[in-house]
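This briefing goes through one structure, topic by topic. Look at the sequence and the 3D view first, then read the points below.

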2 protein chains.
Amino acid sequence: MNVTGHTSGPPAEAAPATGPDTARQPRPVSIRDVAAAASVSYQTVSRVINNHPSVKESTRAAVLAAISDLGFRPNRAARSLAGGRVNAVTVLTSDTTRYGYAASLQGIEEAARAAGFAMGIQVLESAAGGQIRDAVQRATEPGTALIVMAYDRAGTKALAAVPAGVPVAAAVETPSGRQAEGKPWVWLDDRKAAQQATQYLLGLGHQTVHYVPIPASTGTSPRLAGWRRGLEEAGAPVPEPAVGGWTADAGYRAGRELAADPAVTAVLCGNDDVAVGVLRAMAEAGRPVPGGVSVVGFDDTPVSAYLTPALTTVRLDWVALGRACFALLHSLVDPQAAARAGTPLEAELVVRESAGPPPAPGTGLEGSGHGPG
Amino acid sequence: MNVTGHTSGPPAEAAPATGPDTARQPRPVSIRDVAAAASVSYQTVSRVINNHPSVKESTRAAVLAAISDLGFRPNRAARSLAGGRVNAVTVLTSDTTRYGYAASLQGIEEAARAAGFAMGIQVLESAAGGQIRDAVQRATEPGTALIVMAYDRAGTKALAAVPAGVPVAAAVETPSGRQAEGKPWVWLDDRKAAQQATQYLLGLGHQTVHYVPIPASTGTSPRLAGWRRGLEEAGAPVPEPAVGGWTADAGYRAGRELAADPAVTAVLCGNDDVAVGVLRAMAEAGRPVPGGVSVVGFDDTPVSAYLTPALTTVRLDWVALGRACFALLHSLVDPQAAARAGTPLEAELVVRESAGPPPAPGTGLEGSGHGPG
DNA sequence: CTGAAAGCGCTTACAG
DNA sequence: CTGAAAGCGCTTACAG
């Protein structure tokens, strides 16, 4: 099973290497070509493609016709070199594949494309100061704005490192804290969502709810804060949060600890991947879900509804957040684009199968501290 | 639970809107500044930053020192306008969040960043001819190369629409067929992998193996071909492939059909998400996995090992594929970059819990056609 | 409302 | 080995 079976060449039926493939492209059509075709000066063409108001309607129509005839597309590089409007955005993020990140990226891309912006990605390899500074520097180019995904330490540091004067918007985990430093941001209010999920579990009859956190972007994590608040408001004991992480693997490790504690009957997880790991640990420990332990996730990934048990989780609309983030940025760099933010969406607890009442004493479903697995 | 709790402004402690945030950036340092600092002409600076061989070593050192002192970074737009080397890549893809796509993207980004390339993404909304043509047009800019993710119809169409002369590399589902048309490509040989997975299931004692496909990029799907080949070589009957798709939801729908057929004892799935849906359908139908039915996936997503049952699946290294794809592209546009392709990796069947021998007759584990669920 | 100039920051030839 | 010219395709002022 060869993975990179063929990394070098065209298939057998392909043209030779010196074929038309290596031919230079004909020079693309420029505003001068359009100008000539429309019998105007090239400055007028520039006005038309920039929606400048003072162009006679008949002139505009002629230019537009020539543009379409010739298939003219403005050269982005020339535009930004000449000091035109910002027409590109590069996203700084420490991750591209985890659900919240990938979905946000998707929303940004959709909105950017609709606005005619090019979208770039620059990954933050680590949270080390030098690396962050370098990455921000590389991303900061004339003519391109920045979006920072500040869901984690690397992101918040990058946001702080963006020099004043660079157009930027951030998607943040929490608006508290000073990492935004006057930079505009969007967020999902998962503090309230965590509180509500906690209340839901308490309402099912659990004495308390344990929490497996995802890594926080700052000292204060809104999901953790919401969980704690939910507990406190109900007068329930506040257990120490587990050692968490982003992945199912991290959830599994936390889940093993939790499964060994008979007092644990309800677990809130920082995301659905973590919940998968917790579910696995519970199964291995012989703790049925939801009969013995309840598990609730965060995100509602596309797979969560098809797990067994189907995951009860908080649905968060990361795609919409990404769109909102771009809209915010767009309004910053283009006055005409202002106020196109979509309707705010509500986070929603999706009740499925993985949470229920705590086990009744004597049913044998309470944790024994050691399962068959 | 307000999702876009705050989409418009800075937090309370932020600077006023007219603060330093809106100040214009000071003019970035140019090659002329560097030239002045190093007491050479700016052409010499250009030679140094382009690694031109004919520069005296002492001159080069002086220029490099000035570059570092001044924090000079070349302007990408100016470079490509002036006709310099390709220094950016934009990826055309119909998806950014599904595992294979997202992981490939990650590999491309890593490799592009390491090579100093900017990376952009352009999503293909549909496979409609006009849309594809537009997307390819927009992505085709002077100074930027293209990578096409041709794992699906939209991707193969986009690849075919790339004009000759534009530097491009593709990650394809299958190198057969004419969609590549002389354009260089990389791929993962999942045909062999599918064949091997099928053989594995047959070896466990199953009479045949059913298949739930992912959508094919062309008329011929390598995974499907490998599955069929595996069956034929063993002289096993070749059932009609199920109606598949990309998602757990598609897998679930296929799984319900399959679960209703008592003759089905082994199911190979086009990817792990589909497998999750099949697993769910089997559970609902009261068909235990692997006791009653075996299920095997494709990809080995980070979550697959933590499902219950843990998923037996074919591990595919999409990140490495992405890196290889960029390396191929890089060698095309920069002679000095040639042949840096990494070691080819083997696809690997990861045996976990979801596949086993078929149920013995009379154990009650054979499908009854109607489960309790 | 429209045209002519200057210049963005670079890289190609072309000179020496 | 290094310098002076021309120009990439645009957009800003500046004129009229």
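In what follows, Ala, Val, Leu, Ile, Met, Phe, Trp, Tyr, Cys and Pro count as nonpolar, Asp, Glu, Lys and Arg as charged, and the others, Gly among them, as polar. The model is predicted. By these classes, the surface near DNA strand C has 12 nonpolar, 12 polar and four charged residues.

**DNA strand C**
- There are 28 residues around DNA strand C, and those that come nearest are A:Thr59, B:Ser46, B:Ala78, B:Ala82 and B:Gly84.
- At least two residues of this surface come from each of α2 (42-49) of chain A, α2 (42-49) of chain B and α4 (76-81) of chain B.
- With four residues, α2(B) gives the largest share of the surface near DNA strand C.

**Domains of chain A**
- Chain A is divided into domain 1 (26-78), domain 2 (88-187 + 319-345) and domain 3 (190-311).
- Between the C-alpha centres of domain 1 and domain 3 of chain A there are 58 Å.

**Nonpolar core**
- The largest nonpolar core has 192 residues, and A:Val278 and B:Val278 touch the most other members.
- Leaving out residues up to four places away in sequence, A:Val278 touches A:Val212, A:Gly251, A:Ala254, A:Gly255, A:Leu258, A:Val267, A:Cys269 and A:Val295.
- In soluble globular proteins, nonpolar side chains tend to be buried together.

**Helix α5 of chain B**
- Helix α5 (residues 99-114) of chain B spans 23 Å from its first C-alpha to its last, close to the expected 22 Å.
- Of the 16 residues in α5(B), 13 are buried, so the helix is mostly covered.
- After α5(B) comes B:Gly116, with a positive phi near 80 degrees.

Terms used: Residues numbered from 1 in each chain as written. Chains lettered and ligands numbered in written order. Predicted model: local features only at pLDDT ≥ 70, side-chain atom pairs only at ≥ 80, totals over all residues. Core = buried A, V, L, I, M, F, W, Y, C linked by C-beta atoms within 7 Å. Buried ≥ 20, exposed ≤ 12 C-beta atoms within 10 Å, placed from the backbone. Contact = placed C-beta atoms within 7 Å. Domains from an automatic or database assignment. Near = placed C-beta within 6 Å. Expected span 1.5 Å × (residues − 1).
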